[in-house]
Each structure stands twice: as C-alpha cells, then as structure tokens.
Amino acid sequence: DVTEIEEKEAQAKQEEQIMKEQELSNLLHEKRYLKALGLAISLDRPHTVLMVVKAILKEPEGRRHLEENIVRLRKDQKEAVLAFLVTWNTNSRNCHEAQAVMETLLKHEAPDSLLQFSGIKSAVESLLPYT
C-alpha cells in the first residue's frame with residue numbers, strides 16, 4: 001500500500017511550502033528584495049512578485065533599486081517576470097509597476113537576448129494594446 005508514503009510526501013511538500021512562505025515574509029521584512037524576488041518567482045507567485053516590486057519602488061531611489069534587482073536575476077527568472085508583468089499591465093492599479101519592470105528589461109537586455117526569451121512573441125502581442 002503506497003497511501004502512507006504518498007501522504008508523507010504530501011505532508012513534506014506542505015511543510016516545505018510553509019517554510020518557504022515564512023522565509024519570503026522574513027526576506028520582505030528584512031528588505032532583502034533580490035532573494036525575495038527569486039523565492040517568489042520560484043514559488044510561481046505573480047502577486048507576491050508584484051508586492052515585492054511595489055515594496056522596492058516605495059523605497060527612496062526605488063527605480064534604481066528595482067533596476068539593480070531585476071538586472072541580477074537569471075534569464076529564466078526574467079522570463080517569468082516578463083510573463084507576470086503581461087498580466088499586471090492589464091490592470092490600471094498595477095500597470096505602473098509593470099511598465100517600470102518592462103523598462104528595466106528593455107534597457108538592460110540586448111534585443112537579440114530578448115528574442116531568446118520563451119514566450120516573447122505572445123508577451124509583446126499582449127503588451128502592445130495596453131502599453
């Protein structure tokens with residue numbers, strides 16, 4: 001019977017999820033935004049990533065800090081943020097944050113590099129009507 005093993009695995013995953021949530025909360029409280037961004041992206045939490053971006057932008061010199069953090073993300077993380085910002089951009093409450101992140105990506109990524117992002121074509125098509 002594998003039921004007990006599956007239950008233990010599910011419980012372990014749930015405990016790991018709770019630990020990551022707590023770690024994310026601590027990182028935000030300590031204003032360690034780069035790690036918080038990375039963790040929120042790995043948890044596939046677009047809303048949490050948006051909250052981190054908003055927190056960064058509220059800081060003095062927020063735009064500069066946002067640039068520093070976005071530039072330091074790995075390519076796969078930048079692709080995830082691009083996918084998230086497409087959704088944020090459709091809402092007028094979040095469009096400014098989406099535009100700030102998009103500006104950073106466009107400013108610091110070469111066009112050839114951007115073309116290598118997965119889903120770039122659909123992202124651009126979705127961004128154009130709202131941008």
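Analyst: Start with Thr-131. Not counting residues up to four places away in sequence, Thr-131 touches Asn-89, Gln-99 and Met-102. Contact here means heavy atoms within 4.5 Å. This is a predicted model, where local features need pLDDT of at least 70 and side-chain atom pairs count only at pLDDT 80 or more, while totals for chains, interfaces and linings use all residues. Residues are numbered from 1 along each chain as its sequence is written, and side-chain values use heavy atoms, with hydrogens and water left out.

Thr-131 sits in the segment after α8. Helices are DSSP runs of H or I with at least four residues, strands are runs of E with at least two, and both are numbered from the N terminus. Thr-131 counts as exposed because its relative accessibility is 55%. The scale is simple: buried means under 20% relative accessible area, exposed means over 50%, and partly exposed lies in between (1.4 Å probe, protein chains only). How far apart are the C-alpha atoms of Thr-131 and Asn-89? They are separated by 7.6 Å, although the two residues are 42 apart along the chain.

Now follow Asn-89 into its helix. Asn-89 is one of the buried residues of α5. The others include Gln-77, Lys-78, Glu-79, Leu-82, Phe-84 and Trp-88. In total, eleven of the 15 residues of α5 are buried, and the helix is mostly covered. What do those buried residues pack against? They meet α2, α3, α4, α6 and α8. From its first C-alpha to its last, α5 reaches 21 Å. That is close to the 21 Å expected at 1.5 Å a residue. The expected span is 1.5 Å times one less than the number of residues.

Leu-82 is then in contact with Leu-105, Phe-117, Ile-120, Ala-123 and Leu-127. Leu-82 also belongs to the largest nonpolar core, which has 34 residues. A nonpolar core is a set of buried Ala, Val, Leu, Ile, Met, Phe, Trp, Tyr and Cys residues joined through side-chain atoms within 4.5 Å. The residues with the most contacts inside this core are Leu-37, Val-49, Leu-82, Leu-85, Trp-88 and Val-101. At least two core residues come from each of α1, α2, α3, α4, α5, α6 and α8 (120-127). The largest share, seven residues, comes from α5. In soluble globular proteins, nonpolar side chains tend to be buried together.

The 13 residues of α3 (residues 46-58) should span 18 Å at 1.5 Å a residue, and the end C-alpha atoms are 18 Å apart, so the two values agree.

How do α3 and α6 cross? Their axes come within 10 Å, at an angle of roughly 80 degrees. Axes are lines fitted to C-alpha atoms, for helices over the stretch in contact, and angles run from 0 to 180 degrees between N-to-C directions. The two helices are therefore roughly perpendicular. Angles under 35 degrees count as roughly parallel, over 145 as roughly antiparallel, 65 to 115 as roughly perpendicular, and the rest as oblique. On the α3 side, Leu-50, Val-53, Lys-54 and Leu-57 take part; on the α6 side, Glu-97, Ala-100 and Val-101 do. This contact has five nonpolar residues, no polar ones and two charged ones. Ala, Val, Leu, Ile, Met, Phe, Trp, Tyr, Cys and Pro count as nonpolar, Asp, Glu, Lys and Arg as charged, and the others, Gly among them, as polar.

Asn-69 lies in α4. It is buried, with a relative accessible area of 10%. Beyond its neighbours within four places in sequence, Asn-69 touches Tyr-33, Leu-34, Leu-37 and Ile-56.

Last, the whole chain. There are eight helices and zero strands. Of the 131 residues, 36% count as buried. Among contacts between residues at least 6 apart in sequence, 59% join residues at least 24 apart.
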